[in-house]
Amino acid sequence: MWREKIIAILILSVAVGFSSIPAASGSPVGFDVRQHLSTVTRYEVGKQYGGGSYEAAPPAPSGCVPIHLNLVARHGTRAPTKKRIKQLDELIAKVTKQIELDPKDASKRPAWLKDFRSPWEGRTYGGELLPEGEQELYELGQRLRERYPTLFQYDYHPDVYPITATQVARSAASAVAFGMGLFEGKGRLGGSNHRAFSVITDSRDRDIHLRFHESCMAYKESKKLRKPAVQGFQDDVYRQVAAAVSPRYELDLTHEDIEGLWLLCKEEASLLNMTDRACGLFNAAEVELLEWADDVQAHHLKGYGEAINYQMGVPLLEDVVSSMDHSIAANEGTQKNGAVESARLRIAHAETVIPFTCLLGLFMEGGDVKSIQSEKSMKHPPRPPHQRVWKGSVVAPFGANTALVLYKCPKKVESTVSSAGNTSEYLVQVLHNEKPISMPACNGRLFCPFTEFKETVAGPHLKNTFETVCKVEVTLLKVSWTRRVYQTVSQVFQWPFQTANLNSPDTRTCKAY
């Protein structure tokens, strides 16, 4: 089965080869490259860009009050990792040397390339949370407290407001910034009356709730086998873009160079708010294609592209459902002792948020509920200029967050959705990046009865266990097999790229408006 899925990814690469980037028909008003950076997008941009499946914020049903909140969030904006910094240094050295040695028409080349130096040149560390990322999580904490005052009215106690993070510095630092915003004014420390609070982490190799992608051996083997084919698909996109960009600027760019320049564009635009250097090398159609390649990669390796990508997140889903069960028991008076938890707050990574949104059935292309309920792999997001639901800038920008709010409502006499013996009805609302979003597996409703949520949204996945999903039961073939298949398919189809439209004049630039 896994061989067929790898071949499907390779066929997608062939389709890329037969396609071409559509020529632009003028400069679209308001095109902003910062909205097209996939998972490197800043939170405020991704939140505003949203679009698609978000709903206008409706009021809760009459008489309903929030009694519990679950939060699964990604860390805030971070610096480039050490691996990416090295990649950028090597790219810049290569391109600048080429400019020095090649006497071609320099008038076509951007002036900034001549003596360009990476903003992160020489750094021996990376990946840390930036001040912008601190601000994102700090303000998120403040907004949650303001939006749900009854949930956050109590004095802090770690059993009432447990905060968990991973043992990765940017995750833990994000959790601290979030807590500072959430509990500001609740203590006696400093001029803003901060207070101390605890952030709990599990060891990196045993964290099955927030870093299951590192603990699930079956996923790691599956990803290792699929990754070369996905990289091959991305390389073909880079080759198309290189064929258009190279003559435009009298540069001899390879697909590796385009990959590096696209990385530089994303880092400059997201972290430095700079859109007129590396991003300015690409026209809008090329940016959209490069963004799509990133989104397809995330879809195949972290999202709906393979069922195990999200199946391994079942411990997190179990924890969310369990917390709501306990909250209901406390409100019904059946919880015997202990503090009543008001919110369970988790700060982790894109590799946590993306599978969690899949478990909830969010951002599916075509809204195929039966596929997610039967845990089938789903087809890739459509190529631009076709509209798509799955966009990394919306699903998992820096600071991305999915919240599940449990409401207690007066029980209707005719209601059939409440559990027997309950004196109230309980509803679940899902918000992604602070915006209400409908649940396809709950008939597209914004407020889902808790019993139905457990049965149709969570239930199909809770039949699994982490142990059964992540156990490697057979010895998988070496990764080199996928490389041989990729090379064979490449030779058979000879990658007949069409670049006529790529080289057509395109006045759409990537500057921010």
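## Overall fold

The chain holds 17 helices and 8 strands (DSSP runs numbered from the N terminus: H or I of at least four residues for helices, E of at least two for strands). This is a predicted model: local features need pLDDT of at least 70, side-chain atom pairs count only at pLDDT 80 or more, and totals for chains, interfaces and linings use all residues. Residues are numbered from 1 along each chain as its sequence is written, and side-chain values use heavy atoms, with hydrogens and water left out.

Of the 513 residues, 56% are buried (under 20% relative accessible area, 1.4 Å probe, protein chains only). Take contacts between residues at least 6 apart in sequence: 81% join residues at least 24 apart. Contact means heavy atoms within 4.5 Å.

## Largest pocket

The largest pocket has a volume of about 1,400 Å³, the space filled by probe spheres set on grid points joined across faces, edges and corners. A pocket is an open set of points on a 1 Å grid over the protein atoms alone, where a 1.4 Å probe fits, with protein on both sides within 12 Å along at least five of seven lines; lining residues have an atom within 4 Å of a point.

The lining counts 39 residues, with Arg78, Arg84, Gln297, Lys302 and Glu351 nearest the centre. Helix H7 gives the largest share, 8 residues.

## Cysteine 64

Cysteine 64 sits in the loop between helix H2 (43-49) and strand E1 (65-74). Cysteine 64 counts as buried because its relative accessibility is 11%.

Beyond neighbours within four places in sequence, cysteine 64 contacts Tyr407, Lys408, Cys409, Pro410 and Leu427. Cysteine 64 and leucine 427 lie 363 residues apart in sequence, yet 8.5 Å apart in space, C-alpha to C-alpha.

Note on methods:
Buried < 20%, exposed > 50% of the residue type's maximum accessible area, 1.4 Å probe, protein only.
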